[in-house]
Amino acid sequence: MKKIVLDVDTGVDDALGIMLAVKSGQCDVLGITTVNGNVSLDKATENTCKILDFLQVGQEIPVIRGASRPLLRHVYFEHRIHGEDGLGGALRDMQVLTKPQEGFAPDFMIEQVKKHPGEVTLIMTGPLTNLALAVSKYPELVHQVKEVIFMGGVVKEHGNVTPTAEYNMYVDPEAAKIVFHAGFSSLTMVGLDVTRKVLLHESHIQDLGDTPMAAYVKKSTSEYTERYFERNGVRACALHDPLAVAVAISPDLVTTQKLYVDVETKSELCDGQTVCDFQNRLMKEPNMNVCLDVDAQAFFDQFIRVLKA
Ligand code: BDR
Ligand code: CA
């Protein structure tokens with residue numbers, strides 16, 4: 001079992017990532033930390049608790065609140081994509097039983113990594129604020145964590161908030177910069193180059209059968225799918241965050257290359273853009289594994305099998 005801490009801004013696709021991690025049977029989820037992003041910290045935390053209640057594991061997995069805003073910038077919510085509540089209205093009337101535990105997400109990450117040196121995988125599916133705060137407070141974290149896998153950025157294609165920036169990078173580029181340069185020995189970028197290749201179609205939902213899970217996935221992704229259709233002309237939605245979780249479970253799903261990547265923080269037009277030095281023009285050591293391709297069929301085989309179980 002892989003020991004993981006999942007950091008989320010729950011979010012339609014974060015919620016599906018949580019489900020994949022919890023139901024896979026391959027992750028020992030030490031805790032789920034929350035961060036401001038798609039929705040406020042309060043909503044992200046409540047949504048996380050709701051998902052654990054839905055999965056009936058609220059008693060087993062601690063939820064810990066983290067940063068309520070980016071390091072330097074204003075919040076930038078995505079209600080148009082994730083709905084007012086952040087889950088596309090799917091669990092709007094559900095009473096939440098699980099409550100977050102005391103503590104602060106960056107401290108929880110540090111504590112878990114110290115407790116299990118060399119064993120913890122951090123999976124980040126929101127802005128990188130909590131991790132930036134953790135490494136700033138405890139720089140040895142980079143040597144004691146097993147690996148970090150984050151959903152964010154894009155190296156060959158266009159962005160999804162601005163022409164050049166992916167959402168998680170755009171919201172807190174200063175945090176991303178700290179993480180990119182912190183010196184992690186295993187940092188993996190699961191960016192839009194690969195997440196746009198794992199598109200959830202209506203047929204996938206049908207594969208889930210006539211179950212509460214299928215009903216949840218259908219409702220939660222309905223508006224999210226419409227927004228994807230508006231921009232891309234395809235009636236489907238990208239499973240960005242579940243892919244980051246899947247990569248933690250099955251690294252072979254993706255093809256990666258070790259490259260140097262930096263993030264823009266001082267530009268009028270390009271803040272949050274991840275700049276990848278494919279030709280080593282900056283002559284810097286690679287600082288991360290960049291996912292460049294994915295076996296989408298194998299991902300969906302795993303995703304549907306796990307959610308159906
Ligand atoms: C990322 O931004 C959020 O909207 C999603 O939850 C995902 O983490 C995709 O750019
Ligand atoms: Ca997210």
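**Around the ligand**

I began by asking which helices supply the shell around ligand 1: helix 1 (12–23), helix 7 (167–171) and helix 12 (240–249) each give at least two residues to it. A reminder to myself: this is a predicted model.

I then looked up the ligand's surroundings and found 14 residues around ligand 1, with Gly11, Asp13, Glu166, Tyr167 and His240 the closest. Sorted by class, that shell holds two nonpolar, seven polar and five charged residues.

**The whole chain**

Next I stepped back to the fold, where I find 13 helices and twelve strands in the protein chain. The radius of gyration is 18 Å, close to the 19 Å that the globule rule gives for 309 residues, so the chain is as compact as a globular protein of that length. I noted spans of about 55 × 45 × 35 Å for the C-alpha trace along its principal axes.

Of the 309 residues, 52% are buried. Among contacts with a separation of 6 or more, I see that 81% join residues 24 or more positions apart.

**A look at helix 2**

How many residues of helix 2 are buried? I get twelve of its 14, so to speak a mostly covered helix. The buried ones include Leu41, Ala44, Ile51, Leu52 and Phe54, but also Lys43, Glu46 and Lys50. For their cover I can point to strand 1 (2–8), helix 1, strand 2 (27–34), strand 3 (63–65) and helix 11 (212–232), among others.

Helix 2 covers residues 41–54 and reaches 20 Å from its first C-alpha to its last, close to the 20 Å expected. After helix 2 comes Gln56, with a positive phi near 60°.

Notes:
Residues are numbered from 1 along each chain as its sequence is written. Chains are lettered from A and ligands numbered from 1 in the order in which they are written. This is a predicted model: local features need pLDDT of at least 70, side-chain atom pairs count only at pLDDT 80 or more; totals for chains, interfaces and linings use all residues. A residue is near a molecule or strand if its C-beta atom, placed from the backbone, lies within 6 Å of it. Helices (H or I, at least four residues) and strands (E, at least two) are DSSP runs, numbered from the N terminus. Ala, Val, Leu, Ile, Met, Phe, Trp, Tyr, Cys and Pro count as nonpolar, Asp, Glu, Lys and Arg as charged, and the others, Gly among them, as polar. The radius of gyration is taken over C-alpha atoms; the globule rule is 2.2 Å times the number of residues to the power 0.38. A residue is buried if 20 or more other C-beta atoms lie within 10 Å of its own, exposed if 12 or fewer, and partly exposed in between; C-beta atoms are placed from the backbone. Two residues are in contact if their C-beta atoms, placed from the backbone, lie within 7 Å. The expected span of a helix is 1.5 Å times one less than its number of residues.
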